[in-house]
Amino acid sequence: MNLKIKIILFFLLLAFVPTNAQKAWSLDECITHAISNNLELNNQKFNEASTRESYRQSVRNLLPSVNGSSSYNISYGRSEDPNTGSVTDVDFFSNNYSIGSSIDLFQGFQKINSIKASKFLYKAVEEETLQQKYLLAFRVMSAYYDIRFYEGLLENAKEQLSISETNNAYVKKQIELGLKAGADLYEAESLLLTDQLAVTTAENQLAAAKLLLIQEMNLEGATDITLIDSLDENYTREEKEMHTDSVYAKSQEFLPSLKAQELRVKVSKKEVAIARGRLYPSLSFSAGYGTGFYETNVDPSTQEIIDFKDQIRDNASRSIGFSLSVPISNKWSGRSRVKQQKIALEQAENNLDIQEQELFRLIQQLVQEHNALATETEQSAKKVTAQKMAFAIAQKKYEREMISALEMFRAKALDTTALNENLQVRIRSKVNESTLAFYNGLPVFSINNNK
């Protein structure tokens with residue numbers, strides 16, 4: 001067989017060989033998948049579609065209404081002749097046709113205000129949908145970095161287990177040579193078992209964190225997930241001074257939850273105007289056309305039923321009219337509605353104040369944490385370096401029998417604690433920076449903001 005043909009066949013076989021490689025996810029991919037597959041967001045989208053249709057209908061309500069009707073009646077026995085109004089014993093049938101139209105000329109600007117209120121409500125629901133996307137993105141980010149934390153915790157635990165295994169083997173060899181007492185072996189084995197348990201605990205915590213992310217992403221059929229980016233071991237905080245007022249001012253410009261509540265305040269204002277509009281007189285115009293065919297309508301000279309088209313023409317009636325309605329007394333229900341809507345407006349304004357207050361407090365906490373973490377990160381890194389050096393010295397002293405096994409193991413425990421504390425501080429710093437960047441209006445999440 002020709003060599004070129006063999007090569008082609010080889011690559012064709014590779015193309016059809018199934019791969020078991022698991023997809024690795026970045027944070028942006030996790031967020032995008034979660035937003036695309038979240039059922040609660042679907043409900044919010046349905047709500048958005050409903051308010052959009054309500055807004056469109058409020059605009060169509062300005063158009064005149066047109067209605068047509070038709071009837072076919074058969075009369076038996078004594079009945080009134082609809083043509084003459086007299087009573088007759090003759091069985092007969094009749095057709096009636098009518099069409100009418102009416103339009104509201106003035107209703108205290110209720111329809112105009114209703115259009116504006118419906119539009120504000122629709123825009124508010126749009127903002128709330130975007131807010132739900134951001135909240136989901138934050139939940140995914142939290143689960144994502146939880147995995148990073150437990151991955152680091154597991155790595156640290158495995159590293160400490162490896163050291164314990166080495167120490168345990170060393171103690172056994174020293175005991176065999178008669179250089180150490182049997183009590184040292186018990187302590188070494190105890191520490192080895194402790195580190196084995198720490199590895200198992202970290203594995204279980206990592207599995208739980210992965211499950212949480214899988215659930216937030218609604219990743220069907222998945223039992224495990226692999227992440228692309230790992231936390232940089234040489235990670236350093238971005239030393240940028242943060243001020244609560246500037247971050248708060250930025251967040252007010254774009255935060256969907258605030259914009260949604262501001263729009264709901266506008267809705268409440270229009271609802272007050274609509275309620276006041278009901279106190280004004282209303283004026284409407286109407287026009288109608290009607291005709292009919294009656295079996296009793298006969299030609300006096302021939303006593304034959306007049307033709308259908310002639311009756312439709314001759315029986316036609318037309319009307320136009322204006323209707324004025326003046327509210328005089330409706331048990332004060334109109335004024336009561338105005339008061340109720342004013343209360344609803346005050347409540348909406350108060351809810352806006354509450355949201356602004358909560359946002360300011362949250363940003364205060366984030367900025368305070370940002371400043372505190374700057375010091376913690378630096379001190380934690382120094383502590384890791386110092387504890388590693390102290391543990392290395394303790395190991396050498398233990399090998400030279402200058403300290404007891406208990407002292408060496410204590411140094412090892414302090415080294416483990418320093419590593420885990422540093423890992424936690426780095427994760428907190430990363431989340432804090434991303435959160436503050438979001439409130440500063442930076443594109444932290446790849447979310448489609450198009451309305």
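Asn218 has a relative accessibility of 30%, so Asn218 counts as partly exposed, a class between buried, under 20% relative accessible area, and exposed, over 50%, with a 1.4 Å probe and protein chains only. Its place is the loop between α5 (182-217) and β6 (226-227). Phi of Asn218 is near 55°, a positive value in a residue that is not glycine.

Before I go on, a word on the source. This is a predicted model, where local features need pLDDT of at least 70, side-chain atom pairs count only at pLDDT 80 or more, and totals for chains, interfaces and linings use all residues. Residues are numbered from 1 along each chain as its sequence is written, and side-chain values use heavy atoms, with hydrogens and water left out.

Next, Phe109. Phi of Phe109 is near 60°, again positive in a non-glycine residue. Phe109 sits in the loop between β5 (92-106) and α4 (110-176), and counts as exposed because its relative accessibility is 56%.

Now helix α7. Residues 256-277 form this helix of 22 residues. Its buried residues include Pro256, Leu258, Val265 and Gly277. What covers the buried residues of α7? The cover includes α4, α6 (244-254) and α9 (333-399).

Last, the whole protein. There are 10 helices and 8 strands, taken as DSSP runs: H or I of at least four residues for helices, E of at least two for strands, numbered from the N terminus. The C-alpha atoms fill a box of roughly 145 × 75 × 45 Å along the principal axes. Buried residues make up 35% of the 451 residues.

Terms used
Expected span 1.5 Å × (residues − 1). Contact = heavy atoms within 4.5 Å.
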